[in-house]
Every structure is written in C-alpha cells, then in structure tokens.
Amino acid sequence: MEYVHFHNGDTMPVFGLGTWDLRGDTCVNIVAAAIEQGYTLIDTARMYGNEKEVGRGIRKAGHSRSDLFITTKIFNPDTTYEKTKRAIEDSLKNLGLDYIDLLLIHEPYASSLDMYEAMKEARQEGLVRHIGISNFSQREYTNFVRKCGVIPAVNQVESHVYYVKENLQRAMASYGTVMQAWAPFTEGQRPIFSEPILKDIASDHGKTTGQIALKYLIQRRIPTIAKTSRVERLNENLALFDFMLTADEMSAIHTLDEGKSLFGWYE
Ligand SMILES: NC(=O)c1ccc[n+]([C@@H]2O[C@H](COP(=O)([O-])OP(=O)(O)OC[C@H]3O[C@@H](n4cnc5c(N)ncnc54)[C@H](OP(=O)(O)O)[C@@H]3O)[C@@H](O)[C@H]2O)c1
C-alpha cells in the first residue's frame, strides 16, 4: 500500500473499499474479506445506511484497529451544529468504534460551517482523527476554507479518467487539502472496462482495464476508493503497486478527460 500525507504529517492509504449500496450480509462479508486481503481503508456514510454492517465486517476481520482507516460522512438532515454532534455519536455507535479516522460533510450545505464546528470539537475530543468535506466545487471550497479554521484534510469528489479535476486538485493542494476520488469506475455511467485506450495499456502491462483506471488516478496522487460486491474482485482492484504507467501512457489516458461530470446531481 502507498499513502498520501496530510498537512499535519499523518497519512491515508491511497486506495480503499467503497461501500455505497452494499447491504446486509453482503456488506459485512465484503468488508471482512477486504480487510483480510489487505485493505485498510473502508469508506462508508450515514446516507448509505450500512454503518452497522461495516462495523460488523470490521469486527469479523478482527484486525487491529490501529491498522485501519475508517471514513464516514454526515448527511442531511444532520446539518445543524447540535444534530451533527448527535450524528457523530450515532455513527461511532453504529460502527462500534472509539474513533473515526476521517469524518466528512457529505455535500455542501448552507450550514456547513456550523456542522464543521461540531466536527472540530469531536476532533479535539479524540472522537475523530481528521475532518473534511465532500462534493465541494472549487468555488465552494475556496469560500469554505477562508472561514473554516481547520484546513479540511480531504475533499472527496467525483474523479475518474473522464473527469479528473486536476484544477481542483491543484487549488486545494496549495491549501493542504487532499482530493480523494469517488466513482473511479464511473459507477457504471460509462463502459470504462472496455475503453480501448485503457484496454491497450492494460494488455501491455498484463493488467486489467480496471487496474489501469485506478492506477492512473493513484499515479496522479489522487487517492481513490472503489466499490465491489464481489470477493473475487477485491484482489484485482488492490493489485496496483507492482507497476507504473509511463509518461506516454499517462498522456494517452489524459485524452479521455472530458472536463465535465457524468452525474447530474451536484454540478
Ligand atoms: N462522497 C460521495 O458523494 C460519494 C459518491 C459516490 C460514491 N462514493 C464512494 O465512492 C465509492 C466508489 O464509488 P461507486 O461505488 O459509486 O462506484 P465505482 O467504484 O466507480 O464503481 C462500482 C462498480 O464497478 C464494478 N466493479 C468493481 N470492481 C470491478 C472490476 N474489477 N471489474 C469490473 N467491474 C468492477 C462494481 O460491480 P460489482 O459490485 O459487481 O463488482 C460496481 O458496479 C462508493 O462505494 C462510496 O464509498 C462517495
């Protein structure tokens, strides 16, 4: 595993398991299997309704808590200071953890700064190690960072070969915020696994197209989380650290970038 460094020197794994839409025992078993196979970062959210199952999966794997990096996110309607405080307690209870490694505001809200106050306090109390945001555009990020007091460790956003968001990544890096990618496989919005440019490069490396799509982000220093519900795909998605893409390959993949979101709900 490789790591990115936060502005305070702490680290986060560059790759982890996403859990959007994973339910019940499927969620429990995939989280446990992922940890057993070497995943250390697990990404959930209150909105996914699966924090309890993620917690059960973590306990089932039985690995040391300090080896893991667990992310969750606060979502509507917990958008006031008080409700955010209660949501943090509830998430800790759901997950069965003493602390959360990374707590994010799931999307920009009018009251994001109030929510962040509660998150800063939770960080002071040791309930949360790092705090950040998700789905903030460059304008929303810049407004937020001027007033928020503690630089967000992470802004988790849509990022994949068709829409990398390098300008946002660069702008946030200048403040010390890491851009983390969601939907690195486009969540099914595009037939990324049969994309000819990725397929050609994959065949040259003896890798799969999915591995090339993930490696492209990681090699651009964009940590990412990919979801699978299939145990047999966990290993494939994690096998990213025994090869490098050449500059020409990186440039070829860059031509896929269309500079716009594949999802209608936030931009
Ligand atoms: N902050 C936010 O607002 C936000 C928004 C969206 C997502 N997220 C986070 O980001 C994570 C990842 O994004 P995502 O789940 O939306 O989409 P994704 O990871 O881009 O794509 C998941 C899809 O890819 C398939 N897949 C996974 N590995 C594969 C492989 N090796 N070969 C072929 N197909 C493969 C999965 O199918 P199978 O399950 O059948 O393998 C699933 O249909 C989420 O789970 C969530 O944790 C955050």
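This is a predicted model: local features need pLDDT of at least 70, side-chain atom pairs count only at pLDDT 80 or more; totals for chains, interfaces and linings use all residues.

Colleague: Let's start with the backbone. Which residues does a cis peptide bond join?

Modeller: N76 and P77, with omega at about 15°. P77 is found in the loop between β5 (69-74) and α3 (81-95). Helices (H or I, at least four residues) and strands (E, at least two) are DSSP runs, numbered from the N terminus.

Colleague: And what is phi of D21 near?

Modeller: Near 75°, a positive value in a residue other than glycine. Most residues other than glycine have a negative phi. D21 is placed in the loop between β3 (15-18) and α1 (24-36).

Colleague: Is D21 buried or partly exposed?

Modeller: D21 counts as partly exposed because it has 13 C-beta neighbours inside 10 Å. A residue is buried if 20 or more other C-beta atoms, placed from the backbone, lie within 10 Å of its own, exposed if 12 or fewer, and partly exposed in between.

Colleague: What about N135?

Modeller: Phi of N135 is positive too, near 65°, and N135 is in the loop between β7 (128-134) and α5 (138-147). With 20 C-beta neighbours inside 10 Å, N135 counts as buried.

Colleague: On to helices. How many residues of α8 are buried?

Modeller: Nine of the eleven residues in α8 (209-219) are buried, so that helix is mostly covered. Among the buried ones are I212, L214 and Y216.

Colleague: What do they pack against?

Modeller: The buried residues of α8 pack against β3, β9 (178-182), α7 (196-205), β10 (224-226), α9 (231-238) and α10 (247-254).

Colleague: At what angle do α7 and α8 pack?

Modeller: About 100°, with the axes 8 Å apart; the axes are lines fitted to C-alpha atoms, for helices over the stretch in contact, and angles run from 0 to 180 degrees between N-to-C directions. That makes α7 roughly perpendicular to α8, since angles under 35 degrees count as roughly parallel, over 145 as roughly antiparallel, 65 to 115 as roughly perpendicular and the rest as oblique.

Colleague: Which residues make the contact?

Modeller: L198, K199, I201 and A202 of α7 meet T209, Q211, I212 and A213 of α8. Two residues are in contact if their C-beta atoms, placed from the backbone, lie within 7 Å.

Colleague: Switching to the core: which residues touch the most other members?

Modeller: V31, A34, I42, L103, M119 and A213, out of the 71 residues in the largest nonpolar core. Such a core is a set of buried Ala, Val, Leu, Ile, Met, Phe, Trp, Tyr and Cys residues joined through C-beta atoms within 7 Å. Its largest share, seven residues, comes from α1.

Colleague: And what does I42 touch?

Modeller: Leaving out residues up to four places away in sequence, I42 touches G16, L17, T19, V31, A34, V54, L68 and I70.

Colleague: Last one: which residues come nearest to the ligand?

Modeller: G18, W20, W182, F185 and K227, of the 26 residues around it. A residue belongs there if its C-beta atom, placed from the backbone, lies within 6 Å of the molecule. α9 gives the most to that shell, with three residues.

Methods
Residues are numbered from 1 along each chain as its sequence is written.
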